[in-house]
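The sequence and the structure are shown first.

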Amino acid sequence: MSVPVPVHVIYDGECPFCTAYVRMLRLKRAVGEVELLNARDPHPLVDALKDEGIDFDAGMVVKHGNIVHHGAAAVQWLSLMTTPSATFNGLMARIMKDERRARLLYPALRAGRTLALRLKGRQPIHRPEGQGTP
């Protein structure tokens, strides 16, 4: 009997798009248990990834066992593992399954995140509150 490989999705909990996306994911059917982590909250895995140089402002992360997917690669992996649905998530999954398309579109998604954070008056993840403007 094999032990399931843990899946962690680390995203910006202040980004309304990121939060909606990860909450709508239908991963459990494909990969089993998934732990959703807000990159802004203290957590040993989040801290370890930051120490390794992962920039959560540059993109969300999927850690599947020992493999780390970041940015467009993370969204593509999630798209490949998401069960089909008729929601916006289903549409995103179909669009982002293609690696080339994911790499081309991801900067626009990141720009939308940056704009949403600015409109909410939130700082980037890497900059502690009260230390300058984005």
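A residue counts as buried when its relative accessible area is under 20%, as exposed when that area is over 50%, and as partly exposed in between. By this rule, 41% of the 134 residues of the protein chain are buried. The model discussed here is predicted.

**Overall architecture**

The protein chain holds 6 helices and 4 strands. Read from the N terminus, these elements follow the order β-α-α-β-α-β-β-α-α-α.

**The hairpin of S3 and S4**

Strand S3 (residues 61-64) and strand S4 (residues 67-70) run antiparallel and are joined by 4 bridges. Within this pairing, His-64 has Ile-67 of S4 as its bridge partner. The two strands form a hairpin with 2 residues between them. Gly-65 lies in the turn and has a positive phi of about 65°.

**Salt bridges**

Side chains of opposite charge can pair when their charged atoms come close. In this model the count of salt bridges comes to 5.

| Pair | N to O distance |
|---|---|
| Glu-14 and Lys-120 | 3.6 Å |
| Arg-122 and Glu-14 | 3.4 Å |
| Arg-113 and Asp-57 | 2.9 Å |

Glu-14 forms a salt bridge with Lys-120. This pair links distant parts of the chain, as Glu-14 is in the loop between S1 and H1, while Lys-120 belongs to helix H6 (residues 99-120), 106 residues apart. Glu-14 also meets Arg-122 in a salt bridge. Here too distant parts of the chain are linked: Arg-122 is in the segment after H6, and the two residues are 108 residues apart.

Arg-113 is in helix H6 and Asp-57 is in the loop between helix H3 (44-51) and S3, so that the pair spans 56 residues and links distant parts of the chain. Arg-113 has a relative accessibility of 7% and therefore counts as buried. Asp-57 counts as buried because its value is 12%.

Where in the chain is Asp-12 placed? Asp-12 is found in the loop between strand S1 (7-11) and helix H1 (16-24). Asp-12 has a relative accessibility of 3%, so it counts as buried. Its side chain makes a polar contact of 2.7 Å with the side chain of Arg-113. Neighbours within four places in sequence aside, the residues in contact with Asp-12 include Cys-18, Thr-19, Asn-38, Arg-40, Leu-117 and Ile-125.

Notes
Residues numbered from 1 in each chain as written. Predicted model: local features only at pLDDT ≥ 70, side-chain atom pairs only at ≥ 80, totals over all residues. Heavy atoms only, no water. Buried < 20%, exposed > 50% of the residue type's maximum accessible area, 1.4 Å probe, protein only. Polar contact = N/O pair within 3.5 Å; in protein donor to acceptor, adjacent residues only side chain to side chain. Contact = heavy atoms within 4.5 Å. Pairing = 2+ DSSP bridges. Salt bridge = Lys/Arg side-chain N within 4 Å of Asp/Glu carboxyl O.
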